[in-house]
Amino acid sequence: MNGTFEDKLLAELKKEIPAARPMRTRRIVGWGLAAAAAAAVAVPMVSTGQSPAYALVAYPNGSINLKINELRDADQVVRDLAELGVRADIVYLPLGKRCADGRAPFVAGDDTPITPEMMADDDPATQRKIREWASHTDSARAIQPKDGITINPQFIGPGQIVMIEVAENVDKPAGSPGVVWMFTGRLTPGPIQPCRIVDNPDE
């Protein structure tokens with residue numbers, strides 16, 4: 001898979017920046033190779049989601065790890081997360097598709113001082129600052145592309161919902177097992193509208 005996580009996140013920010021107001025980060029972007037993820041260091045405290053389509057594990061440090069093997073059973077993942085105390089909305093999408101923007105409001109902790117002028121500035125120092133700001137949003141703390149998808153409930157505020165969209169990805173390394181997918185995720189206070197599937201011009 002090409003590019004670093006930070007590079008992909010920056011590309012998403014540039015794609016979705018408003019025309020003339022401070023930037024509100026839209027998505028946390030990550031990639032997963034379901035059958036080739038690194039083993040977690042912590043000993044699992046709770047293991048649920050015994051479906052072969054996914055594995056969901058809660059650890060003593062409070063984090064929850066989701067590994068996706070097949071893009072199915074999203075509703076069951078949502079139910080399992082609810083049992084672990086996390087409200088979630090998860091959508092699986094086919095190759096080249098995404099949910100249309102505007103499904104749900106943003107949390108205040110995702111606001112950043114990034115401007116359109118900064119996004120257009122190719123100066124490495126400016127780009128580093130943008131990545132740094134983006135990495136410290138509430139959504140970036142709560143939903144991370146670590147060993148699949150790692151959710152950190154301590155960064156999820158009261159009433160907030162984890163909103164994740166997972167799509168097939170064309171960048172599967174040759175001979176790799178499992179499903180290669182990419183995801184976008186953020187927090188929202190709700191409500192969340194149903195996903196209206198549209199073409200993803202980046203695919």
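**View 1. Ala58, a buried residue of strand β3.** A residue counts as buried when its relative accessible area is under 20%. Ala58 has a relative accessible area of 6%, so it is buried. This residue lies in strand β3. Please keep in mind, here and in the views that follow, that the model is predicted. The C-alpha atoms of Ala58 and Ile151 are 9.4 Å apart in space, while 93 residues separate the two in sequence.

View 2. The protein chain holds five helices and 11 strands. Of its 203 residues, 46% count as buried. Take the contacts between residues at least 6 apart in sequence: 64% of them join residues at least 24 apart.

**View 3. Confidence along the protein chain.** How confident is the predictor, on average? The mean pLDDT of the protein chain is 77, and 69% of the residues score at least 70. Strand β5 (residues 88–93) has the highest confidence, at 96, and strand β2 (residues 46–48) the lowest, at a mean of 49. Two stretches deserve a careful eye. Residues 15–27 have a pLDDT below 50, and this stretch makes 43 contacts in the model beyond near neighbours in sequence. Residues 33–47 also fall below 50, with 34 such contacts in the model.

View 4. Helix α2 spans residues 74–83, and its buried residues are Ala74, Val77, Asp80 and Leu81. Looking down the axis of α2, you will find these buried residues within an arc of 115°, so they line one face of the helix. Asp75, Ala82 and Glu83 are exposed, on the face of α2 turned away from the buried side. After α2 comes Gly85, with a positive phi near 90°.

**View 5. The largest nonpolar core.** In soluble globular proteins, nonpolar side chains tend to be buried together. The largest nonpolar core in this model has 26 residues, and those touching the most other members are Leu81, Ile149, Ile151, Val162 and Ile164. Which elements each supply at least two residues of this core? They are α2 together with the strands β3 (54–58), β4 (64–68), β5, β8 (149–151), β9 (161–168) and β10 (180–188). Another core, of five residues, lies apart from it and includes Val91, Cys99, Ala167 and Met182.

**View 6. The surroundings of Ile149.** Residues up to four places away in sequence are not counted in this view of Ile149. Among the residues that Ile149 touches are Ile64, Asn65, Leu66 and Ile68. Ile143, Gln144, Ile164 and Val166 are also on its list of contacts, along with Trp181 and Phe183.

**View 7. Val166, a buried residue of strand β9.** Val166 lies in strand β9. With a relative accessible area of 0%, Val166 is buried. Leaving aside neighbours within four places in sequence, Val166 is in contact with Ile68, Leu71, Val91, Tyr92, Leu93, Ile149, Trp181, Met182 and Phe183. Leu95 is 71 residues from Val166 along the chain, and their C-alpha atoms are separated by 9.9 Å.

**View 8. The aromatic pair of Trp181 and Phe183.** The count of aromatic pairs comes to one. Its partners are Trp181 and Phe183, with 6.2 Å from centre to centre and 55° between the planes, in a tilted arrangement. Are these two residues buried or exposed? Trp181 and Phe183 are both buried.

**View 9. Backbone points to check.** Most residues other than glycine have a negative phi, and most peptide bonds are trans. Where is Asp73 found? Asp73 is in the loop between β4 and α2, and its phi is positive, near 70°. With 30% relative accessibility, Asp73 counts as partly exposed. Asp147, in the loop between β7 (143–144) and β8, also has a positive phi, of about 55°. The peptide bond joining Gly190 and Pro191 is cis, with omega at about -5°. Pro191 sits in the loop between β10 and β11 (197–199).

Note on methods
Residues are numbered from 1 along each chain as its sequence is written. This is a predicted model: local features need pLDDT of at least 70, side-chain atom pairs count only at pLDDT 80 or more; totals for chains, interfaces and linings use all residues. Side-chain values use heavy atoms; hydrogens and water are left out. Rings of Phe, Tyr and Trp (its six-membered ring) pair if their centres lie within 6.5 Å; planes under 30 degrees apart count as stacked, over 60 as edge-to-face and the rest as tilted. Buried means under 20% relative accessible area, exposed over 50%, partly exposed in between (1.4 Å probe, protein chains only). pLDDT is the predictor's confidence in each residue, from 0 to 100. Helices (H or I, at least four residues) and strands (E, at least two) are DSSP runs, numbered from the N terminus. Contact means heavy atoms within 4.5 Å. The arc is that of the directions from the helix axis to the C-beta atoms. A nonpolar core is a set of buried Ala, Val, Leu, Ile, Met, Phe, Trp, Tyr and Cys residues joined through side-chain atoms within 4.5 Å.
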